[in-house]
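I opened this notebook to record what I looked up in one structure. The entries follow the order in which I consulted it.

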Amino acid sequence: MLNDSGDPFVFINKVIDALHGNNPDKRIYSGDINHSSSASAVLFLLGLMSDKKRFPPEPCLILNKRSLKVKQPGDLCCPGGSISSYLDSFLAKLLYLPGSSLSNWPSWHNWRKEKQRQARKLALLFATSLREGFEEMRLNPFGVKFLGPLPPQQLVMFQRVIYPMVGWVSGQKRFSPNWEVEEVVYIPLKNLLMHSNYACYRLNINTHPENEKKSIVKDFPCFLHKDNDRVEKLWGATFRITMVFLEIVFGFKPPDMESLPVVHGTLDENYLTGNG
């Protein structure tokens with residue numbers, strides 16, 4: 001994943017260049033996201049990590065596993081959440097200061113000069129993702145290098161649009177999850193590039209237990225993260241965000257779902273309420 005010298009900056013620059021080359025002039029932020037209840041910003045967080053002491057750190061995708069106290073319990077997700085209009089607007093202004101992660105982003109000067117409105121929305125979304133990362137897992141916002149934005153994703157089961165910000169964390173090896181997070185999960189990027197780790201997630205969706213006729217079965221593509229005796233499933237919006245990143249940076253596409261092995265799961269009413 002890294003170059004032969006093991007220099008992470010070569011990988012970081014590869015990601016920055018790939019994200020910049022992904023339709024850099026396209027308007028990806030529309031509407032008044034500042035006062036939108038349907039907009040969320042998430043941090044697609046990368047870093048050199050290792051779950052196993054006997055192995056050296058390697059580039060990983062860093063995700064949160066949602067606790068039973070929130071909606072979508074048990075799902076793997078990027079740290080992030082809704083925009084706090086007043087607080088995040090203030091934090092976004094700090095990102096304009098020299099030396100900030102956003103001001104050090106190579107494309108920032110052009111964004112500020114050529115597309116000021118888009119730049120303001122980008123700063124707001126990045127500020128939101130950093131604040132949420134600090135609240136959820138005590139992520140040090142000063143240790144995150146901004147690499148670029150990814151296209152937004154629409155949540156299927158909720159009226160919400162997710163705006164992913166790609167960041168690289170350095171110098172922080174431990175996180176402290178709050179009540180929303182069961183644990184922090186590290187997925188090596190090299191594993192995400194292996195077709196054998198993908199499956200078809202066949203879900204029995206029964207969010208109305210009093211009426212069995214409303215139960216439906218749907219298939220979703222997923223990635224299986226094997227951690228000792230456990231297998232975590234990456235699916236849904238976070239899966240789609242990850243696949244967009246892998247295609248932009250590595251030209252990778254997952255196998256066709258029809259060719260994949262099937263794993264089964266169930267979603268009940270607790271999935272929508274977080275009362276597990």
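**Basis.** I worked from a predicted model, in which local features need pLDDT of at least 70, side-chain atom pairs count only at pLDDT 80 or more, and totals for chains, interfaces and linings use all residues. I numbered residues from 1 along each chain as its sequence is written, and side-chain values use heavy atoms, with hydrogens and water left out.

**Whole chain.** I found seven helices and twelve strands in the protein; helices (H or I, at least four residues) and strands (E, at least two) are DSSP runs, numbered from the N terminus. Of the 276 residues, 48% count as buried, where buried means under 20% relative accessible area, exposed over 50% and partly exposed in between (1.4 Å probe, protein chains only). The protein exposes about 14,300 Å², of which carbon and sulfur atoms supply 51%; the areas come from the Shrake-Rupley method with a 1.4 Å probe. I also looked up contacts, meaning heavy atoms within 4.5 Å. Among those with a separation of 6 or more, residues 24 or more positions apart account for 72%.

**Sheet.** I followed an open sheet of four strands with mixed pairing, in the order β11-β10-β9-β12. Its edge strands, β11 (230-234) and β12 (262-267), each pair on one side only; a pair requires at least two bridges found by DSSP. Strand β9 (residues 198-205) pairs with β12 in the parallel sense over six bridges. Arg202 stands opposite His264 in β12.

**Helix pair.** I then turned to α2 (residues 85-94) and α4, which pack at an angle of about 110 degrees with their axes 8 Å apart. Helix α2 is therefore roughly perpendicular to α4, a term covering 65 to 115 degrees; axes are lines fitted to C-alpha atoms over the stretch in contact, and angles run from 0 to 180 degrees between N-to-C directions. The residues in contact include Leu87 and Leu91 of α2 and Leu124 and Arg131 of α4.

**Positive phi.** Most residues other than glycine have a negative phi, and I noted two exceptions. Gln72, with phi near 55 degrees, is found in the loop between β2 (58-66) and β3 (76-77). Arg138 has a positive phi of about 55 degrees and lies in the loop between α4 (116-137) and β5 (144-149). Are these residues buried or exposed? Gln72 is buried, with a relative accessible area of 18%, whereas Arg138 is partly exposed at 43%.

Conventions: Angles under 35 degrees count as roughly parallel, over 145 as roughly antiparallel, 65 to 115 as roughly perpendicular and the rest as oblique.
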